[in-house]
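These are my notebook entries on one protein structure. I looked up its overall form and the contact between its parts.

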Amino acid sequence: MIIVPEKEIAGLIGRQESFDAVESVFAAMAGGAAYNFPVIREAIGHADALYGFKSGFDRSSLALGLKSGGYWPGNMAKGLTNHQSTVFLFDADTGKAKAVVGGNLLTALRTAAASAVSIKHLARKDAKVLGMIGAGHQSAFQMRAAVEQRDFEKVLGWNLHPEMLVRLEETANELGLPYESVDLARLGAEADVIISITSSFDPILMEEHVSPGTHIACMGTDTKGKQEVDVALVAKAKLFTDEIAQSATIGECQHAVASGIVSEDNIIEIGAVINGNHPGRTSQSDITLFDGTGVGLQDLAVASAAVDLAIQKGVAIEVDF
Ligand code: NAD
């Protein structure tokens with residue numbers, strides 16, 4: 001069995017490898033070769049922790065396994081990251097344990113890759129202004145991956161907690177792009193692509209904020225009750241997602257589906273667009289919305305890539321198991 005420790009991940013896998021892994025697995029999901037197993041998530045009644053598993057199998061790549069992970073709110077005080085993830089991979093032919101891979105950085109990379117894949121396939125080719133809603137840990141990853149998909153000339157940012165906006169400014173500067181903190185009305189009016197990546201439980205971006213032709217990647221809503229976008233905006237947009245079942249239950253579309261305004265039949269798996277079986281955006285004025293709920297197969301895809309790279313680069317730790 002192979003171990004790839006968290007500290008090795010940054011030196012092994014970058015944005016391009018993560019993008020390729022996530023784009024392929026979304027395609028495999030829509031083609032029926034890959035599927036996610038039901039998600040487990042529990043409040044364990046200790047250390048205020050939420051703990052669970054995301055798992056699945058991709059018959060095309062033979063990635064089989066799970067991401068075990070959760071949220072320990074007291075970790076920061078111990079000098080640790082509150083979110084903790086580890087990916088376990090198994091041999092699809094024998095069931096033997098194949099690899100244990102640190103999953104913290106991989107989670108950030110695969111989430112950023114998902115919104116970047118949506119921009120590649122759904123945003124207007126002439127998109128110039130990127131709008132960022134959210135300025136937490138994940139926002140910098142999302143921005144770096146997004147700007148590789150279009151010739152963005154400017155980044156606009158908004159966050160409920162303005163003191164965090166410095167992260168967006170610093171990241172835009174690192175990418176050589178002008179940055180401005182703005183209100184939501186300006187962000188919606190000027191941005192061609194909007195990424196939302198917050199822990200919000202109330203709609204932030206409203207229908208009246210958003211201009212025709214915008215692509216919105218909703219990445220923060222991954223749990224029942226969370227919400228970043230007004231139901232009326234969801235109802236107006238052409239809807240795409242990683243997985244329809246998650247979109248309708250824990251993703252951004254959950255509220256529109258629950259209220260009956262949108263049905264699951266209105267939501268398209270982005271893999272169908274990647275595979276050429278759905279046209280995606282059909283007009284410059286379409287508002288497209290990608291509901292990135294985060295699936296276990298994304299984790300298995302990037303962890304498998306990290307294992308291959310670790311073996312190639314000689315940093316995989318092999319143990320008898
Ligand atoms: P973080 O804690 O570093 O940042 C949280 C962000 O949400 C900040 O911008 C903060 O200002 C904002 N926020 C907090 N409470 C809010 C509220 N009540 N209303 C509006 N905004 C609020 O978290 P992060 O690591 O940047 O992750 C952001 C979100 O993305 C989390 O909710 C996380 O669960 C989610 N996430 C989703 C995926 C996925 O695959 N879809 C993957 C990773 C993280």
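I first noted the rule for a salt bridge: a side-chain nitrogen of Lys or Arg lies within 4 Å of a carboxyl oxygen of Asp or Glu. I then recorded that the model is predicted, that local features need pLDDT of at least 70, that side-chain atom pairs count only at pLDDT 80 or more, and that totals for chains, interfaces and linings use all residues. Residues are numbered from 1 along each chain as its sequence is written, and side-chain values use heavy atoms, with hydrogens and water left out.

Entry on the domains. I found domain 1 (2-107 + 297-318) and domain 2 (123-294); such bounds come from an automatic or database domain assignment. Their C-alpha centres lie 24 Å apart. To the contact (heavy atoms within 4.5 Å), domain 1 gives 13 residues and domain 2 gives 17 residues.

Entry on the interface. I read that the two domains bury about 1200 Å² between them, 56% of it on carbon and sulfur atoms. Buried area is the accessible area (1.4 Å probe) that two parts lose on being put together, summed over both.

Entry on salt bridges. How many salt bridges are there between domain 1 and domain 2? I found a count of 1. I also looked up Arg15 and Glu148, whose side chains form a salt bridge with an N to O distance of 2.9 Å.

Entry on extent. I noted that the C-alpha trace spans about 60 × 40 × 40 Å along its principal axes.
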